[in-house]
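Colleague: I would like to learn how to read a few features here. Please take them one at a time.

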Amino acid sequence: MNNATPWWSSEVFWKKTAIWVTGSMFVVLIILTLDSIPKITAGSERVPAYSVINKHIDYKFNDERNIQVPLIGGEDPLFGKMLSEEEAEALVSYGKKITQGRNCMGCHTLLGNGSYFAPDLTKAWLDPGWSSEEEREEMMIAFLMDPVENARSFGSGRMMPNLHLSRGEAMAVVAFLKWMSSIDTNGFPYNFTVIDKEG
Ligand code: HEC
């Protein structure tokens with residue numbers, strides 16, 4: 001025993017501390033993961049099931065939480081067709097794969113992840129740039145199939161290049177964006193204005 005070295009500066013103490021801290025943080029990480037999974041799964045309180053694309057999705061200011069929150073309304077099937085949970089999931093995940101495969105996040109953000117060249121797409125379904133709820137579906141499809149010819153103003157002052165999406169691909173992207181807009185993102189993106197309502 002070296003009397004000159006107090007217990008708190010001995011190598012053995014710090015080795016044990018390192019093992020305990022790493023071990024306990026690993027346990028905390030597992031607990032947090034198990035706690036998060038149900039909260040981010042489609043069909044949970046904040047992330048609606050895919051079949052939400054059969055419903056009307058709105059965005060309302062919530063005084064209590066002091067943020068905009070999604071408001072899921074009555075039936076309003078996308079492209080006029082009610083889909084089963086499985087069909088809706090297949091369409092939304094096809095749309096998601098297109099956004100990944102075409103690297104939309106090279107310019108855009110989704111839930112805040114991606115690049116800052118173009119607007120965040122999380123609430124794009126509700127964007128006033130689609131002029132009215134009646135025309136929105138067709139306008140989104142036309143824009144996605146040829147954003148140069150069908151350019152609209154989303155306030156970025158930039159242009160989106162034509163990525164030559166087919167009609168089927170554009171429809172799936174619209175389904176994906178409609179589903180995304182139903183997610184309660186705790187008010188993100190902040191200060192987002194939504195499409196005008198009739199009356
Ligand atoms: C090279 C950059 C670039 C890529 C890649 C790109 N976009 Fe865009 N996109 C833009 C820009 C810029 C705008 C904004 C145009 C404006 O402000 O008028 C835009 C606008 C949009 C809008 C309207 C935004 C809103 O607020 O409603 C949608 C929807 C959209 N893009 C979807 C996509 C999808 C889906 C993909 C992938 C298939 C994609 N974009 C890939 C640049 C890009």
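Colleague: Which residue of E2 is the bridge partner of Ile-57?

Modeller: Ile-72 is the bridge partner of Ile-57. This is a predicted model, where local features need pLDDT of at least 70, side-chain atom pairs count only at pLDDT 80 or more, and totals for chains, interfaces and linings use all residues. Residues are numbered from 1 along each chain as its sequence is written.

Colleague: How many bridges join E1 to E2?

Modeller: Two strands pair if DSSP finds at least two bridges between them. Strands (E, at least two residues) and helices (H or I, at least four) are DSSP runs, numbered from the N terminus. Here seven bridges join E1 (residues 55-62) to E2 (residues 67-75), and the strands run antiparallel. Their hairpin has four residues between the strands, and Asn-66 takes a positive phi near 60°.

Colleague: How do I read two packed helices?

Modeller: They are described by the angle between their axes and the distance between the axes. Axes are lines fitted to C-alpha atoms, for helices over the stretch in contact; angles run from 0 to 180 degrees between N-to-C directions. The axes of H2 (residues 85-101) and H4 (residues 167-181) come within 7 Å and cross at roughly 105°. H2 and H4 are therefore roughly perpendicular (65 to 115 degrees). Among the contact residues (C-beta atoms, placed from the backbone, within 7 Å) are Leu-91 and Tyr-94 of H2, and Phe-176 and Trp-179 of H4.

Colleague: Which residues come nearest the ligand?

Modeller: Near means a C-beta atom, placed from the backbone, within 6 Å. Of the 26 residues around the ligand, Cys-104, Cys-107, Ala-118, Ser-156 and Met-160 come nearest.

Conventions:
Angles under 35 degrees count as roughly parallel, over 145 as roughly antiparallel, 65 to 115 as roughly perpendicular and the rest as oblique. Two residues are in contact if their C-beta atoms, placed from the backbone, lie within 7 Å.
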